[in-house]
Structure formats: C-alpha cells, structure tokens
Amino acid sequence: MPHDHSDHDHPHSLLPSDPALRVKALETILTAKGLVDPAAVEAILETYEKKVGPHLGAAVVARAWADRAFRARLLADANAAMAEMGISGRQGEHVVAVENRPGQHNMVVCTLCSCYPWPLLGIPPAWYKSDAYRARAVREPRKVLAEFGVTLPGDTAVRVWDSTAEVRYLVLPERPAGTEGWSEEQLRALVSRDSMIGTGLARTPEAGA
Ligand code: FE
C-alpha cells in the first residue's frame with residue numbers, strides 16, 4: 001500500500017545529519033526556480049505550528065465522552081463527525097476512531113513511515129517516526145506501553161493499528177472515573193496527545209485539569 005511521504009525510497013539511516021540544513025537548501029532551490037511560493041510555505045508552517053494540534057483531537061474526544069450520540073457517529077464515520085466540528089484537512093481524509101474500553105486497549109503506529117491524523121493531532125512527535133517505535137509497537141506493545149508509563153491489567157487485550165496513507169486512526173481513550181457531570185471544556189484538559197495515539201491514558205481528575 002503506497003504511503004505518501006517522499007522519503008520512502010531511502011532508509012532513514014541515510015538521512016543527512018542536519019535535516020534543517022537540507023530543508024533550507026531545498027526550499028532555496030525550489031523558490032529560485034519559482035516552484036514554491038515562500039508565502040505559501042509560511043502559511044503552511046503557521047497552520048501546523050499554531051492552529052492544528054492535539055487540542056483539536058481532544059475536543060473531539062471530550063465531545064464523544066459527553067455526548068453518546070456523537071460518540072456513536074464518531075465510531076461509525078469519524079470524518080463525518082469531525083466535519084460537524086469543522087475539522088478536516090490533509091492527512092486526515094480517512095480517519096477511523098477506535099475506542100478503548102475495559103479489556104481492550106488500542107495503540108497506533110505506522111510501521112512503514114509516520115502516517116498520522118494531522119488535522120486531529122498536528123505533526124507527529126519524533127518518537128512516532130523513530131525506527132524503534134515503528135518496529136517495537138507491533139512486536140512488543142506491552143513493553144513499549146510500559147516505557148510510556150502505561151501498565152494495563154493482564155487481561156486487557158492490546159490491539160495495534162498500523163496506519164497507512166489511506167487510513168489514519170484516532171484512539172478514543174476511556175473517560176476517567178470521577179468526571180461525571182463535567183463540561184466538554186473541562187474534559188478536554190484530560191485528553192493528552194498520547195492518549196489519542198494509545199501510548200498514554202487520559203489524565204485522571206487528580207492529575208489533570
Ligand atoms: Fe506512514
């Protein structure tokens with residue numbers, strides 16, 4: 001299945017030691033040749049630095065916790081549910097939400113590269129793109145989870161979802177106990193980025209908001 005990143009032809013070990021320098025050189029050449037507009041590049045950077053990020057995914061999760069009908073719609077068709085909240089965009093064309101529940105934990109990886117639901121979570125963290133995470137998340141998920149500080153009951157099954165350019169996953173973490181009657185705004189503060197990748201759990205009321 002094709003992934004849509006440009007670095008797939010080369011193993012990550014062949015990347016230059018200073019990617020920033022290489023990016024700058026590429027940008028300079030592309031700009032000089034009139035192939036990219038620096039203002040457009042700036043607009044994209046601005047978007048992903050300031051506007052798109054895990055706070056959007058957290059808003060979706062909080063609504064799913066607070067509104068059973070929305071939760072059902074999210075699990076049935078995540079893109080339609082996201083659209084209700086005005087969330088869409090590149091790398092989020094086909095999102096599938098997978099729910100954690102007692103006895104079932106979900107965790108997301110892209111074994112081939114770094115596919116990730118950008119419109120919900122922003123740009124993936126470095127560890128998500130690392131060779132180690134991509135290999136180990138499928139081979140020894142419990143050990144990886146433990147390193148993230150997540151220890152699950154022994155009878156909880158861990159399901160690992162491998163993202164592709166076609167399908168990106170959003171983990172719907174379990175709603176923490178002790179949050180009955182909380183507003184969506186309060187709930188949002190409990191939804192960490194990692195809890196939506198499955199390498200974390202939602203914060204507890206004591207630890208979180
Ligand atoms: Fe990928």
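This is a predicted model: local features need pLDDT of at least 70, side-chain atom pairs count only at pLDDT 80 or more; totals for chains, interfaces and linings use all residues.

Biologist: OK, so what is Ser-192 in contact with, leaving aside neighbours within four places in sequence?
Modeller: With that exclusion, Ser-192 contacts Leu-201 and Arg-203. Ser-192 sits in the loop between helix H10 (184-188) and helix H11 (193-197). Helices (H or I, at least four residues) and strands (E, at least two) are DSSP runs, numbered from the N terminus.

Biologist: Is Ser-192 buried or exposed?
Modeller: Buried, because its relative accessible area is 12%, and the cut-offs are under 20% for buried, over 50% for exposed and partly exposed in between (1.4 Å probe, protein chains only).

Biologist: Zooming out, how many helices and strands does the protein chain have?
Modeller: There are 11 helices and four strands. The chain is as compact as a globular protein of its length, because its radius of gyration is 18 Å, close to the 17 Å that the globule rule gives for 209 residues. That radius is taken over C-alpha atoms, and the rule is 2.2 Å times the number of residues to the power 0.38.

Biologist: What about the span and the burial?
Modeller: The C-alpha trace spans about 60 × 35 × 30 Å along its principal axes. Of the 209 residues, 37% count as buried. Among contacts between residues at least 6 apart in sequence, 68% join residues at least 24 apart.

Biologist: How are the charges placed?
Modeller: The mean positions of the 23 positive and 26 negative charges are 2 Å apart. Lys and Arg count as positive and Asp and Glu as negative, while His and the chain ends are not counted. Each charge is placed at NZ of Lys, CZ of Arg, CG of Asp or CD of Glu.

Biologist: On to the strands. Which way do the residues of E2 point?
Modeller: Gln-104, Asn-106 and Val-108 point one way, with His-105, Met-107 and Val-109 pointing the other way, and all are buried. E2 covers residues 104-109.

Biologist: What does E2 pair with?
Modeller: E2 runs parallel to strand E3 (residues 157-162), joined by six bridges; a pair requires DSSP to find at least two bridges between the strands. His-105 has Val-158 as its bridge partner in E3.

Biologist: And Gln-104, what surrounds it?
Modeller: Gln-104 counts as buried because its relative accessibility is 19%. Setting aside residues within four places in sequence, Gln-104 contacts Glu-99, Thr-156, Ala-157 and Arg-159.

Biologist: Why is E4 called largely enclosed by the rest of the structure?
Modeller: Because five of the five residues of E4 (residues 168-172) are buried. Arg-168, Leu-170 and Leu-172 point one way, and Tyr-169 and Val-171 the other way. E4 pairs with E1 in the parallel sense over five bridges, and Glu-99 has Leu-172 as its bridge partner in E4.

Biologist: Last one: is Glu-147 buried or exposed?
Modeller: Glu-147 is exposed, because its relative accessible area is 53%. Glu-147 is found in helix H9 (residues 141-147), with 9.2 Å between its C-alpha atom and that of Thr-199, 52 residues apart along the chain.

Terms used:
Residues are numbered from 1 along each chain as its sequence is written. Side-chain values use heavy atoms; hydrogens and water are left out. Contact means heavy atoms within 4.5 Å.
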